Amino acid sequence: MFDRFEMPMCECEDVHGEIVNQVRHSMPSDEDVYELADFFKVFGDSTRLRILWALDRCELCVCDLAEALGMTKSAISHQLKVLRDSKIVRYRRDGKNIFYSLDDDHIRDILEKGIDHLNE
């Protein structure tokens, strides 16, 4: 019987070499893994997630995002810079206005998969 705080582990010392080799050969490079970890860190902030959900609905300017989320324009701008630098959002200029949107449908898919997982 396992303690509820203890992780169950194998009681044997057998290594399944063929399976281990398959896993090793299918792993992405260390550089790709580090970049992916950084990419997912961006999703670890609730403010940024709220911005992404808003931008999933429609293209918005900083003023609209600030109003919709009950935040300052400065706070929104700071988070948008992180999202832009991570290539998660993009912007376009229309005269004096700058409108933000999700960079592509992959971002929408990631958000939807996350919610699907939580609702299972």
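**Entry 1: the pocket lining.** I started with the largest pocket and listed its lining: Phe43, Leu49, Trp53, Ile110, Leu111, Gly114, Ile115 and Leu118. I then checked which elements give two or more residues to this lining, and found helix H3 (46-57) and helix H6 (105-118). A note to myself before going on: this is a predicted model.

**Entry 2: who gives the most?** Which element gives the most to the lining of the largest pocket? I found that H6 does, with five residues.

Entry 3: For the volume of the largest pocket I wrote down about 160 Å³. I also sorted its lining by class, which came to seven nonpolar residues, one polar and no charged ones.

**Entry 4: on to the salt bridges.** I reminded myself that side chains of opposite charge can pair when their charged atoms come close. How many salt bridges does the structure hold? I noted six.

**Entry 5: Asp56 and its partners.** I looked at Asp56 and found its side chain in a salt bridge with that of Arg57, at 2.8 Å, N to O. Are these two buried or exposed? Asp56 counts as buried at 10% relative accessibility, because the cut-off for buried is under 20%. Arg57 is exposed, with a relative accessible area of 58%.

The side chain of Asp56 also meets that of Arg108 in a salt bridge, this one at 2.4 Å, N to O. Asp56 lies in helix H3 and Arg108 in helix H6, so this pair ties together parts that are 52 residues apart in sequence. For Arg108 I noted a relative accessible area of 26%, which makes it partly exposed.

**Entry 6: Glu59 and Arg92.** I then turned to another pair: the side chains of Glu59 and Arg92 meet in a salt bridge at 2.8 Å, N to O. Where do the two partners lie? Glu59 is in the loop between H3 and strand S1 (60-61), and Arg92 is in strand S2 (residues 89-94), so the pair ties together parts that are 33 residues apart in sequence. I looked up accessibility here too: Glu59 counts as partly exposed at 31%, and Arg92 is partly exposed with a relative accessible area of 37%.

Conventions: Residues numbered from 1 in each chain as written. Predicted model: local features only at pLDDT ≥ 70, side-chain atom pairs only at ≥ 80, totals over all residues. Heavy atoms only, no water. 1 Å grid on protein atoms, 1.4 Å probe; cavity = no way out; pocket = protein on both sides within 12 Å on 5 of 7 lines; lining within 4 Å. Points joined across faces, edges and corners; volume = space filled by probe spheres on them. Helix = DSSP H or I, 4+ residues; strand = E, 2+ residues; numbered from the N terminus. Nonpolar A, V, L, I, M, F, W, Y, C, P; charged D, E, K, R; others polar. Salt bridge = Lys/Arg side-chain N within 4 Å of Asp/Glu carboxyl O. Buried < 20%, exposed > 50% of the residue type's maximum accessible area, 1.4 Å probe, protein only.
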